[in-house]
Structures are given as structure tokens and as C-alpha cells.
Amino acid sequence: MSPHNYIAGLDIGTTSVRCFIYDSKTQIHGRGSQHITLLYPKPGYVEIDPEELFKSVINVIKIALKDAKLNAADLTCIGISTQRSSFITWNRNTGRPYHNMITWKDLRADALVRRWNSSYLLKTINHVASALYFVTRHPQLLAGKAIRFMNTQTLTRLVWCIRNIKELEDGMNRGDALFGGLDSWLLYRLKQGTDISKKVDHISDFSSITTTAFFDPFRMTYSKPVLKIFNIKEDMLPTPVPNTYDFGVIDKSLFGHEIKIACSISDQSGSMWGQCCLNKGDVKITLGTGAFFNANYGDKCSASVHGLYPIVGWGLNNNITYLIEGASNDCGTIIEWALETGLIDDVKTCSDIAKSVKDTNGVFFVNAFTGLGAPFNDGQAAGGFIGLKPSTKKPHMVRAMLESIAYRVALLYFCCLEETSMRFTSLRVDGGVSRNNFICQFLADLTELNVERSADPEMTMLGTVFLAGLNEGIYKNKEELYKLNKIDVTFTPRPENVPRAKLGLERFKEAANRFKNWYHETEL
């Protein structure tokens, strides 16, 4: 490996756009970062202005290059990772979007989700799938017997757009409309350069298209029955491609020189690569804006009855790796809320505040600002404290808040144990919230597993660089990546604290059930 191979890693998350420039030994030479402004035009709506987002992408790459004292011509390649389930539609002829980027946190389709989940059609699908599974034992039918619609699925919000944005519906009927997740749209724009009417490949990588709910991971193609039922035209959808696809180049009009796009991958899959969770049974947990549990399930697609879901982790040519995933949508958002409300003054001190009391004094916090995922699966759940009393002090509330993050992740882990034959020896954590020692230690106590925290919190960025470098031949094999992976701290379970942690988990489940089905449609 040459130390002069510079790889740019571009990561577009929910709240920030970042670009780091690495050398082949993963030393960082330049950094760029900008905040993403989320728009809330109506209650429950969460959007991003696509033009402002694209300007931020260009700016952070320029900032990182300047910080590294490099030009675009000095880069060997760039790897791109993006948040999943955020999407946009646009006119293929003019490049003009029909609406803002609709993020994965958006709840505008909640009325549709409720109606569909209570419909006779869905109940019939569940019953038929259950009967067929009893006869055939096909894993896809197991998924069908428990299928539910969710606000986080792209499908529900796309159908809402088609039904409520007349210009999009007309464009789709004329064959002018294109759909793309953030990954697909960004690749399209980067390859167009300054000419947004330029025709380029319309593609989406496997790891990004897999969470739309109209892509079938068992057959690795779009689900024609789903497209037909919901009147989605397949010609508006991007071509699904593996993560080793030739993604082309960033047009030279943007940086004065072409930049090779060596990979595109979703944020959670990128994090798996950064943690080197590349073998079946490896588990990583990303504690960022949301908390995501991902277990490598190898080359078989699994199914769930508790709300976990099978996704494509990545495709290397014809070799597909599947993941089992569960999510708690409120993780970093809880910390931000605590700062905004004055519950804590400094993120760095909240761990010490929690440790200043021996327990929560019977207080529990349910972190459900955007509903509850597995195993509760209730989009109408509310968040809040329960068990407050005159003796409750601020440290009790802070501790309850931090414990809630670990409780939700532990429940995803136990769901995975219940639904698979896999057993785990450790959990690898990353993301900004993983810097909180209290949460990591409490998670170790809850799961009775070692919790390994990476030395570099930017695992998604690093994983994107790993895969880009592998695709471009900078790294010869995965073994080279393992040698570059570094663990910072290992949190080991404390046997004396395990019983109390387990009891707390049971009480947290009781608390969460009290907060279920709180919101009505008009309140979201």
C-alpha cells in the first residue's frame, strides 16, 4: 500500500454532512463538517432542502481538501455513505424536485400506516402467510405472517406523496418522474455536475434500497405485487446494484477534476465495515441520532415476528451478506432534548451526574419521541418520565434517561436471541453517544456481554473508506482491514449489578407499555 493513496470518506447523516480524507493507513489528513438544517413545515413533517444539502456536500469536500492541503486531483477515490429511508422525487428531464427531501423521521403517512395495519387486506396477508409457512417453512412467509407497515418505511411516505402531490402523480403517469433515496439522488447529482438536465445512471446500492419495503431481499429484486398494490411505477425506480459496482466519477465541473466514486453504502452497513463485523455472528450497535442494532447473518436472509427486519448488508459482486436489524429511533435526540430543556448542561458531564446516585429512585424514562420500535412496535407511543415523586432529584432523572437508551438496545439484542440460533460473545459500539461510559457499562450489565468501543467514533466514515479502498485495490483483502481496526475500551459485565439491571429492564417494559397508543392522528 502506498501512503500517498488518499481516500475521501463522505457521510451524510440526519443532522450533519462530513468529509474526512484518509491515507491508506487510516490517518486523517483533512476534515470538513456542516450542520444539516431539518425543516418542520407541519407537525410530524421532517424535511431537508435538497439544494441546501447539495451545497453542503460540495462545501464539506472543499473544506476537507483545503484542510488536508490537497486538490481533487490528489484523491485516489471517494466513498459515500448515506442515511437510509430518506428520499426525494424529481423530474428526469429538468432535474427539478417535486418536493423536499423527506427524512426517515417524518410521520406524515401515519394515518395511512394506521389504516393499512388495521385493514382486512393486511390481516388476510398475515393469515395466508401463516398458513403457508406452517406447510412450507419458507422464511419469507414467516416475515409475511408478521408484516406491519411503519412510518420509517419509504413505501408509506412515497405513497402519501403520490396521492397528495399532483405534480408528482402527473409526472409519474407521463414517465417523467424519478424516485431516489438520498444515496441515489446524490450519486445522480454528483455525476451530473452543474448541468442538472444531464442524463446519468439512475442507480441505488443494495444496502440502501433494501429498507424501502418495496424491495424484496429474499429475491433481490423489486416486489412486483407491492408495486402493483400501491400503484408505484417501476420505471421511476433506480436500478439496484452491488456495492462493488462501477459508480462512475464526480463530474469535473464541481471540483475542477473528476473524482472516482469507489463505493456507495448505507450508514449502518458502512458502520459494520468500520467495525470489521464482516463474519456471521458479528454484532455492532450504532448509538447516534437513533440507535441501530445490526447482526451479521451471513448469506441467508432471515425473518422476524418481533419487529426486527432482514436487510441486505452489502453485495460484493454476486456475494450477498444479510443483516438482522432493529432500531430505537430516539438516542442522540434524547441527549439533545436534555440539553435544550436544561436537564443537563454539558454532554461530557451527564455520565458523572448519573453515577452520582446509586439508582433512579424508582424513576423510569421512556424514550419514544418518535414511537417505539421492537418489541413494542407502536408508532403512537409517547415519551416521558414515570415514577416521579417528591424525593426525585435531577440526577435520578438524568440516570433514568441514560438507562432508557441502554434498555432499548438491550431489548433489541434479546429479540435477536429469541429469533435466531446465534449466540454472541461481545457487542461493538460506535457513534457519538457511545462516548458515554455510563451507557456502555450499563449495556454490558444488561446483556452480560463485553461491550467493545472503537477508538474511532466515526465508524461509518471509516467503513466507507475501507470498502472504497478494497474496491479500488488499495487494500488487497479483508485481513488488511482487520489489522487497522482498533478497540479503545472494553466494558465488562459487573456480576453484582446484573440482577438489578435485569429487574430494571422488566420494569422499563412495564413503563413503556403504559406509554403505548397515546397519540391520536391529529396530534402527530
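**Helix packing and an open sheet**

In this predicted model, the axes of helix H14 (residues 394-419) and helix H15 (residues 437-447) come within 9 Å and cross at roughly 40 degrees. Axes here are lines fitted to C-alpha atoms, for helices over the stretch in contact, with angles from 0 to 180 degrees between N-to-C directions; helices (H or I, at least four residues) and strands (E, at least two) are DSSP runs, numbered from the N terminus. That angle makes H14 oblique to H15, the class left over once angles under 35 degrees count as roughly parallel, over 145 as roughly antiparallel and 65 to 115 as roughly perpendicular. On the H14 side, the contact (heavy atoms within 4.5 Å) takes in residues including Leu-402, Ile-405 and Tyr-413, and on the H15 side Phe-438, Phe-442 and Leu-446 are among them.

Turning to the sheet, six strands line up in the order E3-E2-E1-E5-E14-E13, forming an open sheet with mixed pairing; two strands pair if DSSP finds at least two bridges between them. Strands E3 (28-35) and E13 (249-250) sit at the edges with a single partner strand each, so one side of each has no neighbour in the sheet. E3 pairs with strand E2 (residues 16-22) in the antiparallel sense over seven bridges, and Val-17 has Gln-34 of E3 as its bridge partner. Helix H7 (residues 182-192) packs on the sheet, touching E1, E5, E13 and E14, and its direction makes about 145 degrees with that of E5. Helix H11 (residues 267-274) also packs on the sheet, against E5 and E14, with its direction at about 100 degrees to that of E14.

As for the ground rules, residues are numbered from 1 along each chain as its sequence is written, and side-chain values use heavy atoms, leaving out hydrogens and water. Local features need pLDDT of at least 70 and side-chain atom pairs count only at pLDDT 80 or more, while totals for chains, interfaces and linings use all residues.
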